[in-house]
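My entries follow in the order I made them.

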Amino acid sequence: FWNAWTCEECNETYSVDVESNDGLCPNCYEAQSKLPMPLSKWVAPSGVKNYSYKPRPCFCPEYDEDEIYYGFELECEANGRDTDDWANTVNESLGYTYVKRDGSLDDGMEIVSHPATLAYHMSKWENFKKLFQEMRKAGFRSHYTDTCGLHVHISLEPMEKRNAYAVH
C-alpha cells in the first residue's frame, strides 16, 4: 500500500509525508523557509524551546526591504518559577515573541522577538510594561544578576543604504 501526499504549493504528488513540512514538499518547504512569514500566520510555540530553536522570521508589521528592523533577546533568571507557564504568558502578552533556553543562565529563559520596526516595538509599550511588572513581582530578574543580558539585532542592509558609514 502506497501513501501519496500533494504539496499545497506546487500541487505535485509525493511519496514522502509533506504534512510534517506544513503541507509542502521538501523543495517548496526549503524555498518557503527562506521567506519571511506574515505575522498573521505566527503561532508562538508553547513553553520554553531549546536554545537552537529558530522559527521563520515574521517582520512586524510587514516586510519592507528598505525598513530598518530591530529584534531583541532578553535573558531572565526565573529563580525557581515555572518558565513554561511564564513563556506562554510572555507570548500571549506580546504576540510576536518566542521563549527559549540560554546556556548563560542559571535558572531562566530568554525572550526573543521577531524583527520589528521601532514603531511596532513601541506600539507594544503598555504590554511590555505590564508584563515586566508582573514578572518582577513573581521573582524574575534581568537586572542585578551576573548572568543576564539584553541583545539587540539591527538589520544591516537598509542601514547601509541610508548611510554606509553608520555601520562602521
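I take buried to mean under 20% relative accessible area, exposed over 50%, and partly exposed in between (1.4 Å probe, protein chains only). The model is predicted, so I kept local features to pLDDT of at least 70 and side-chain atom pairs to pLDDT 80 or more, while totals for chains, interfaces and linings use all residues. Residues are numbered from 1 along each chain as its sequence is written, and side-chain values use heavy atoms, with hydrogens and water left out.

Entry: fold. I counted six helices and six strands; helices (H or I, at least four residues) and strands (E, at least two) are DSSP runs, numbered from the N terminus. From the N terminus I read the order β-β-α-β-α-β-β-α-α-β-α-α. The C-alpha trace spans about 60 × 45 × 25 Å along its principal axes. Of the 168 residues, 38% are buried. I looked up contacts (heavy atoms within 4.5 Å). Among those with a separation of 6 or more, 65% join residues 24 or more positions apart.

Entry: salt bridge. I searched for a side-chain nitrogen of Lys or Arg within 4 Å of a carboxyl oxygen of Asp or Glu. The structure holds one such salt bridge. K161 and D66 form it through their side chains, at 3.3 Å from N to O. K161 lies in helix α5 and D66 in the loop between α1 (26-33) and β3 (70-77), so the pair ties together parts that are 95 residues apart in sequence. I noted D66 as partly exposed because its relative accessibility is 42%. K161, at 52%, counts as exposed.

Entry: charge. I counted Lys and Arg as positive and Asp and Glu as negative, leaving out His and the chain ends. The place of a charge is NZ of Lys, CZ of Arg, CG of Asp or CD of Glu. There are 16 positive and 28 negative side chains, and the centres of the two sets lie 7 Å apart.

Entry: patches. I used residues with over 30% relative accessible area and no salt bridge, joining like charges within 9 Å and nonpolar side chains (Val, Leu, Ile, Met, Phe, Trp, Tyr) within 5 Å. E62, D64, E65, E157 and E160 gather in a negative surface patch. E160 sits in helix α5 (residues 156-162) and, at 37% relative accessibility, is partly exposed. L118, M122 and W125 make a nonpolar patch of about 350 Å². I found L118 in helix α3 (residues 118-123).

Key. Accessible areas come from the Shrake-Rupley method with a 1.4 Å probe; for residues, only the protein chains shown count as cover.
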